[in-house]
Amino acid sequence: MSGDGGAPATAAEPRLPEAAHISTPEGRRLVAQIGDEADRHGRKLLEVRNLSTQFFTPDGVVHAVDEVDFDLDYGETLGLVGESGCGKSVTALSIARLVAEPPGRIVGGEVVFDGIDLLRLSSEEMRLLRGRRIGFVFQDPMSSLNPTMTVGRQISESAAAHLGLSRPAASTRAADLLSMVGIPRPADRLGDYPHQFSGGMRQRVMIAIALACDPMLLIADEPTTALDVTVQAQIMELLRSLSERLRTAVLLITHDLGIAAGMCQRVCVMYAGRIVERGLVDDIFGRPRMPYTRALLDSRPRLDVEPGGRLRTIEGFPPDLVDPRPACRFAPRCAHRRAVCDEAKPDLTPRPADGEGHAARCWGTEAGGWIP
Amino acid sequence: MDPVTHPAGAAGPLVEADGLMVHFPILGGILQRRRGSVRAVDGVSLSIQRGETVGLVGESGCGKSTLGRAMIKLREPTGGSARFDGRDLARLSARELRRLRRRMQIIFQDPYGSLDPRMSVGDIVAEPIQTHRLASGRAKHERVRELLRLVGLDPVFAARYPHEFSGGQRQRIGVARALAVEPEFIVCDEPISALDVSIQGQVLNLLIDLRRELGLTYLFIAHDLAVVRHVSDRVGVMYLGRLVEIGASRRVYALPAHPDTRALLSAVPVADPAVERRRRRVILAGDVPSPANPPPGCRFHTRCWLYERLGRPENCRTVEPELRPVGADQRAACHYAEAALTSDVGVVRPADAAPRDAH
Ligand SMILES: Nc1ncnc2c1ncn2[C@@H]1O[C@H](COP(=O)(O)OP(=O)(O)OP(=O)(O)O)[C@@H](O)[C@H]1O
Ligand SMILES: Nc1ncnc2c1ncn2[C@@H]1O[C@H](COP(=O)(O)OP(=O)(O)OP(=O)(O)O)[C@@H](O)[C@H]1O
Ligand code: SF4
Ligand code: SF4
Ligand SMILES: [Mg+2]
Ligand SMILES: [Mg+2]
């Protein structure tokens, strides 16, 4: 997780004047203004437009994220679901401009965060904005916590750096944050090192660090994948109550459809680098309009469905993202495939009969399509 | 699920654990003296009939893998006994044990780490055939091709190496290798949890088909309770080295009798937003205590929601509950199992689910 993805070469003038780096009082004032509620004019917190990120490797160009497009409203929890390698993490890293460059590069699109196109900020401006406004929680807390620094220091440094707090104030804030994420006897644990915490506790510490400076957006990339269901339920409950209380928007990345069903207001389903379906949870789970979404729902045993018989499976494997097929990427595995699916790329188009924003990328469910 | 057919005349359990214990020493100090022990498996009795699949669930570190390994003597028990086909594994000579080994196999969680990257797929599958001198030359090659076909892989893959395969394909190679010696009993230790969602179903179907075709007996370890219900005739729940509930899956999932079982079920997310909105969850507080120093009385009392609801009864803290019958083919280790049985915590009934829109 190092190195900032620089702005694409084509970037026009940055929104913040060159001179007003955030290290200057003027720059600080500008960043402070982000998040001013009076200034929202009905826009979304995050508008991702046709975002494409590629990796330039010896084996060829990996089309990891291909024209990804979605909105995330203030205070909303949006799920990004899909199988391993479909581009969820790279999407999140691209939004936060954390894609390692090289080999990666954001090759197109816009990421408008609270009215500012992040892809046009300088690396330094981006770093400041990230620390102040966007918190990140990763799948594996051990690799993102510093093993040689006490937990208290890791939290208070983040708070001190971004909020300009004095040392004692930052330390108090660290204890408050630990208590907020449900760690018993927080003041006593500030001096402990990450290895002295269990997996679930470490993930709580990660969340405390991500929340240290009151972000408007929390990006949680598979925050519970390595944990037990019981601890997973604790962490999810924590994220849910914190996002409600602090009105923090959450971009929740998960491959577990159950988690998305319970946590999110809206969901985007990704397959092979593209969003193939998005909409309100009830539409995605109740009326999926893309065969892949339906197949994902059918391929796992569920506690709420009486077991019996064979599982319906998706045959074959997800495609290689080096030179992926231009038309429907799911076609080789799709039971509803027709000639057009191999000839032309389906767009993410609205399914207007359903709830707000329901859109799918599938010829078969377009108006006049053959999938009922 | 299909009814399980038992080979004629082969009554009695195929695999049995009786008060099985595996304690790992905790060493400390300059002299590396024993300071205590991790009671990974602490007195478990469990028997598995021929052709039966027993699922094993429980939080991380509760001893599932250690129990599975001890039952086939891949891990030396420190107490109690493990029997296979009526014979105590501890009393066998090395030669007899080697012969028995063939009949008990294990499939591991990690399809990446468990295959030797320097061996071709054919050699990986052939190795146990060679070790047990089951076939050689042409017959061996023919057997390898047959095994690959059996697990749904093209036999031409035999010449390739593990890194050329996807996770699901590697797991199939692991299954082919385990089947090479024609085992009767297979410990499946988290066989699908490292796989992609769309691939998990393929491997699960494969394991179920093989069980029917070959009459296999499984101990199926997984943390995914829905997956375990799908494959298991009976299910056991472990907590801190002990079996806290065991019974027919149908029964345990519909009427869990141990508060831990109910808490585990309650924590499972369900892929239906309507069900999720309606569910009431009990969320276990805190983490699992150390198995080196389990709480006195009922090991679960430090996290038990029922203990709290009942006003912290004293016997939960002082008397360790025995695994006792609480219903037809169901046993639980809880002083207040009857109260747990009548609670509505944790159970997701299919009837709760809104009918899915039929497109
Ligand atoms: N540094 C890199 N170099 C080359 N390719 C990369 C790099 N990072 C990611 N990729 C590729 O980009 C694609 C998307 O990866 P990404 O990590 O976003 O997947 P994901 O959906 O997060 O999967 P998972 O569920 O396994 O975390 C994959 O095909 C991956 O191999
Ligand atoms: N070789 C070993 N030496 C010392 N302790 C061990 C050893 N193997 C396992 N343990 C300990 O024994 C306990 C049970 O471990 P085990 O791997 O059986 O749990 P599990 O239920 O399979 O967990 P998981 O779901 O994480 O796989 C744990 O506390 C573990 O740390
Ligand atoms: S476009 Fe065609 S191949 Fe692709 S998902 Fe739809 S029906 Fe299937
Ligand atoms: S015996 Fe007491 S503490 Fe243990 S599970 Fe039952 S109610 Fe809970
Ligand atoms: Mg990822
Ligand atoms: Mg294990």
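A: The model is predicted, so local features need pLDDT of at least 70 and side-chain atom pairs count only at pLDDT 80 or more, while totals for chains, interfaces and linings use all residues. Residues are numbered from 1 along each chain as its sequence is written, chains are lettered from A and ligands numbered from 1 in the order in which they are written, and side-chain values use heavy atoms, with hydrogens and water left out.

A pocket is found on a 1 Å grid over the protein atoms alone, as an open set of points where a 1.4 Å probe fits, with protein on both sides within 12 Å along at least five of seven lines. Grid points are joined across faces, edges and corners, and the volume is the space filled by probe spheres set on the points. For the second largest pocket this volume is about 750 Å³.

Helices (DSSP runs of H or I, at least four residues) and strands (E, at least two) are numbered from the N terminus. In chain A, α3 (123-133), β6 (134-137), α5 (151-163) and α8 (199-211) each supply at least two lining residues. The largest share, four residues, comes from α5(A).

Sorted by class, the lining has eleven nonpolar, seven polar and three charged residues. Here Ala, Val, Leu, Ile, Met, Phe, Trp, Tyr, Cys and Pro count as nonpolar, Asp, Glu, Lys and Arg as charged, and the others, Gly among them, as polar.

Terms used:
1 Å grid on protein atoms, 1.4 Å probe; cavity = no way out; pocket = protein on both sides within 12 Å on 5 of 7 lines; lining within 4 Å.
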